[in-house]
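This report concerns side-chain packing in a single protein chain. Please examine the sequence and the coordinates before reading on.

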Amino acid sequence: MEDGSGVILGGDRLGVELGERATLVQFSTAFCQPCRATRRTLAEVAAMVEGVGHVEIDAEERLDLVRELGIERTPTVLVLDRAGRIVRRASGQPRKADVIAALGRAV
């Protein structure tokens with residue numbers, strides 16, 4: 001996972017309430033096979049770590065965010081801190097250990 005851009009994504013822009021401590025944001029597409037496994041991994045981590053939310057965004061429905069954030073492939077995962085600032089970013093299917101480590105920067 002690479003460092004984030006410092007961009008802030010509030011719950012109003014994402015259409016959901018952010019997690020109390022951090023939020024895992026996943027950009028997916030309907031035809032993306034690795035997106036399914038990523039969804040499971042992020043949901044497991046969010047369930048394990050108190051105050052962490054998980055939201056999945058359909059990249060085709062939110063082209064505005066895709067363009068603004070420079071998302072080039074799915075899945076792309078953003079780790080947001082409690083204020084909605086992007087602190088980590090990764091493309092491709094993440095390992096659970098990497099997601100947990102990235103959360104350490106957000107909480």
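Predicted model: local features only at pLDDT ≥ 70, side-chain atom pairs only at ≥ 80, totals over all residues.

**Nonpolar cores**

The largest nonpolar core holds 15 residues, and the members that touch the most others are Leu9, Leu14, Val25, Phe27, Leu69, Leu78 and Leu80.

| Element | Residues |
|---|---|
| Strand S2 | 22-28 |
| Strand S3 | 52-58 |
| Helix H3 | 63-69 |
| Strand S4 | 76-81 |

Helix H3 supplies the most, with three residues. Beyond its neighbours within four places in sequence, Leu14 is in contact with Leu9, Val25, Ile57, Arg62, Leu65 and Leu80.

Helix H2 spans residues 33-48 and contains Thr41. Is Thr41 buried or exposed? Its relative accessibility is 13%, so Thr41 counts as buried, the cut-off for buried being under 20%.

Helix H4 comprises residues 96-106, and its axis lies 10 Å from that of H2 at an angle of about 45°. H2 is therefore oblique to H4. The crossing of H2 past H4 is right-handed. From H2, the contact involves Thr41, Leu42, Glu44, Val45 and Met48, while H4 provides Lys96, Val99, Ile100 and Leu103. By type, the residues of this contact are six nonpolar, one polar and two charged.

Conventions: Residues numbered from 1 in each chain as written. Heavy atoms only, no water. Core = buried A, V, L, I, M, F, W, Y, C linked by side-chain atoms within 4.5 Å. Buried < 20%, exposed > 50% of the residue type's maximum accessible area, 1.4 Å probe, protein only. Helix = DSSP H or I, 4+ residues; strand = E, 2+ residues; numbered from the N terminus. Contact = heavy atoms within 4.5 Å. Axes fitted to C-alpha atoms, helices over the stretch in contact; angles between N-to-C directions. Parallel < 35°, antiparallel > 145°, perpendicular 65-115°, else oblique. Left-handed = near helix turned anticlockwise from the far one by under 90°. Nonpolar A, V, L, I, M, F, W, Y, C, P; charged D, E, K, R; others polar.
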